[in-house]
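Q: Let's go through the aromatic side chains together. Can you take me through how to read them?

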Amino acid sequence: MEYFSQEYDVIVIGAGHAGIEACLACARLGCKTAVFTINLDWVGNMPCNPSIGGTSKGHLVREIDALGGEMGKAADKYCLQSRMLNLGKGPAVHSLRAQIDRREYSAGMKHTLELQDNLDIRQGEIVDIKQLKNGMWQIKTKLEAIFTAKAVIIATGTFLGGRVYIGDISYESGPDGMFPSTDLAAALKRLNIPLRRFKTGTPPRINRRSIDFSKLEEQPGDEETTPFSFDTKTPPKNKVSCHITYTNDKTKRIILDNLHRSPMYSGKIEGKGPRYCPSFEDKIVRFSDKERHQLFIEPCGLNTEEMYIQGLSSSLPEDVQLDFIHTIPGLENAQVMRAAYAIEYDCVDPTALRATLEFNEFNGLYGAGQFNGSSGYEEAAAQGLVAGINAALKIKGKEPLILDRGGSYIGTLIDDLVTKGCTDPYRMMTSRSEYRLVLRQDNADFRLTPIGYKIGLISKERYDKFLIKEKCFNTELKRITEKSIPLTDSLRRILIDCKTTPLERGCKMIELIKRPQVTYKALTPIDDDRPDLPKEIFEQVEIAVKYEGYIARQEQQIKEMRRIECKKIPKDIDYKSLKGLRLEAVEKLSKIRPENLGQAGRISGVNPADVAALNIILETL
């Protein structure tokens, strides 16, 4: 029998990476919050790769931290190995990646939620959701408990309507053998929320003691590690090594001979899979000319022998998986502990959401994470944080937080989703940002910590430390701008060693650092008054100096973009009544409901002439 249990300000459905950030943000901003999960033992689970960060994803984690989120702190605490990727390229694409102890991370996140004031953490499957006449939201659990809230955040990950595929076998399931959420999917359809089917997958796990490591390439962590969180005092230590191996022609042949047994190719899987993280059988077909593919053998934790084979995602039958795994050097006798699988699930068309991640048609209902059509823990956490912040701000009667493309990768991620939509699981990449030289991972705190402090997620103590760092940066930049370096034998030797053009006279230190070949480290012998500052300050000053012209150009582009974004569009505007707009533009604008002229111009199907016409119309309103 149904019974009324409790009323909250915010209810979060799902305690994965999106749900964690959402419920913590709401609770920390003073809202009475509850988070529901199907199984309390799998809070913050990593059903796929036990890692956090990577190219562009590391940017997101640092931005989450700069705003006051939790993922970066937890990643530092439960780090097994840390590496900064792409150091051979420019600073815009340098990205931090850490191998994580997945069970310790999960347990630690659960404990963080348990200790958080204003937050109730509950095990329970949500089977129904509806909006009451007074605007409140009502949810019902499988045990028929009724809860109400002013706002609800849906962060269901891959559980919603989840179905697992392994060859000819398919069954309703969430990730890692968990129960799926089937009744909630039906309830959302009753609300006419536009759902569609996506697909993702995960590789097999093998027992460490069955691996011949003598045939693998060792991949150690960085000698000097960098934490994700700007608040982490001691950088994480490398506790393990990862390893690399390669597939071969035998692997390829087994997969091609059994392609008809893959549910992807037999037509059993309807959902659209991730473009940039395809199954291994899809790689073999798409890149048929490649003789081999690189695989990474990565540990899942210190207290388990499970090893993750990154790059070997598959939905082929278990017997085929065993056959092709045993063709791989070092894995000839591998004991498979968990078979690879594909999982199909329901998610929303993100163009039904605003930039706040609130639904256009449903006041107080928000979406976050894979429910919004994205892939990846980091993308999920970023959206969960923004959805949680905005739900709390709305309840408190404050202005929403809308991050734009010029200020963060988070803003780019959300704008891409709600404006352009996605036809396959969206993955963040540095190439998605037109301002990536300004949006570097090293300066995330400069861009976002003042915002986090204003919202209330960054403490006064942490903000004061940030202000000191900002002052140190400006003081050091001023010092090298004013410091004169005379032409001495020491300077001549440095210029020769750096293989750069010799000087005929002395110059300012900043002129030397502007040279691509010259670094702070190289100038140490002649920089006798260098202050004792953290290494990151010198790195940021050097980037600011070397890329000054490019940065200035992008900052001017951002300024122009924001000028257009300032032209707001009324929420209740009737596009069908406006003259001068093409039919396709009217259709797309009516569906997506852009908040400003800049966003309108980024909608597929809205051309420059439509934007110009809309601009003229807005001037007359």
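Q: Is Phe280 buried or exposed?

A: Phe280 is buried, because its relative accessibility is 0%; buried means under 20% relative accessible area, exposed over 50%, and partly exposed in between, using a 1.4 Å probe and protein chains only. Phe324 is buried too, at 1%. Bear in mind that this is a predicted model, where local features need pLDDT of at least 70, side-chain atom pairs count only at pLDDT 80 or more, and totals for chains, interfaces and linings use all residues. Residues are numbered from 1 along each chain as its sequence is written, and side-chain values use heavy atoms, leaving out hydrogens and water.

Q: How many aromatic pairs does a search of the whole structure find?

A: In general, a ring pair is described by the distance of the centres and the angle of the planes. Phe, Tyr and Trp rings (six-membered ring for Trp) pair if their centres lie within 6.5 Å; planes under 30 degrees apart are stacked, over 60 edge-to-face, the rest tilted. The search here turns up 11 pairs. Among them, Phe280 and Phe324 are tilted, because their planes sit at 35°, with centres 6.4 Å apart.

Q: Which distant parts of the chain does that pair link?

A: Helices are DSSP runs (H or I, at least four residues), numbered from the N terminus. Phe280 is in helix H8 (residues 280–286) and Phe324 in helix H9 (residues 318–325), 44 residues apart.

Q: Which residues form one aromatic cluster?

A: Phe446, Tyr453, Tyr463, Phe466 and Phe473 do.

Definitions and conventions:
Helices (H or I, at least four residues) and strands (E, at least two) are DSSP runs, numbered from the N terminus.
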